[in-house]
Amino acid sequence: MLPNENMTMIKQTSALTLALALTLTAGAANAFSLGDAAKLTSAVAAPGSTTAQSAELVNRLSALNVSPEQAVGGTSALLNLAKNQLPRTDYSQLLSSVPALADLSAGGLGSQVGAVSGLLGKSNPLGGGNAQSNMQSLGDVSNAFAGLGMDAGMVSQFAPVLLEFIGGQGVGQPLLGTLTSLWSGQPAN
C-alpha cells in the first residue's frame, strides 16, 4: 500500500470512529443514527476494507427490522459467547479470518453500545466491566438481546445472517459448524 493510500485509510477509519462515537452518544436525539453512519461508511470506506465489511454486516442485520445499535449489540453478545466457548485458537482464527468482527465485538462498537446504555440510564445489556465473562450460554445471549429491546427469539434470526457473513469471508468447516452448533444450541454433527 502506498503512503498516501495508507493515510487515506487512516483518515476514513478515524472519521468512521468519530461518527459512530458521536451517533451513539447522540442516539437519544436521533439527529444522526448509527444506521446513517453505517450507510455513509459503506459509501466512503474502501470496498473490501474492514470498515466497509462491518458496515455491510450491520446493514444486513438491520434488515431484520432492528436498529443498527441492536445489530451491533446482538452481534457482540454472540461473539462474546463464541469467545468464551471456543478454544482460544479457534476464536483467534475467526477474528483473523473476519477482521470486521473485531469492530463489532465487546472490545469494539459492542462496548460503545454498553457505554451508551449506561449514559441513557439503562443497564448495560452486555454485562458490566467485563462483558465477555457474562456470555456463557445462549440464555445469557437471550438476556442481552432482551436488554437491547429485542425478543429472545431474535437470536435465531441473527445467527444465520452472521454465519452467512462469516462463511462468505472464507471461514469454513469445522469452525463454521462449531459456531452453528454454539449459536443454535444444537449439538455439532
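Reader: In which helix does Ala77 lie?
Author: This is a predicted model: local features need pLDDT of at least 70, side-chain atom pairs count only at pLDDT 80 or more, and totals for chains, interfaces and linings use all residues. Residues are numbered from 1 along each chain as its sequence is written, and side-chain values use heavy atoms, with hydrogens and water left out. Helices (H or I, at least four residues) and strands (E, at least two) are DSSP runs, numbered from the N terminus. Ala77 lies in helix H4.

Reader: Does Ala77 count as buried or exposed?
Author: Buried means under 20% relative accessible area, exposed over 50%, partly exposed in between (1.4 Å probe, protein chains only). Ala77 has 0% relative accessibility, so it counts as buried.

Reader: How far apart in space are Ala77 and Phe145, C-alpha to C-alpha?
Author: In sequence, Ala77 and Phe145 are 68 residues apart. In space, the C-alpha to C-alpha distance is 7.8 Å.

Reader: Within what arc do the buried residues of H8 fall?
Author: The buried residues of H8 are Val141, Ser142, Ala144 and Phe145. The arc is that of the directions from the helix axis to the C-beta atoms. Seen down the axis, these residues line one face of H8, because they fall within an arc of 160°.

Reader: Which helices do the buried residues of H8 pack against?
Author: Contact means heavy atoms within 4.5 Å. The buried residues of H8 pack against H4 and H9.

Reader: How are H9 and H10 oriented to each other?
Author: Axes are lines fitted to C-alpha atoms, for helices over the stretch in contact, and angles run from 0 to 180 degrees between N-to-C directions. H9 and H10 pack at about 170°, with their axes 10 Å apart. Angles under 35 degrees count as roughly parallel, over 145 as roughly antiparallel, 65 to 115 as roughly perpendicular and the rest as oblique. H9 and H10 are therefore roughly antiparallel.
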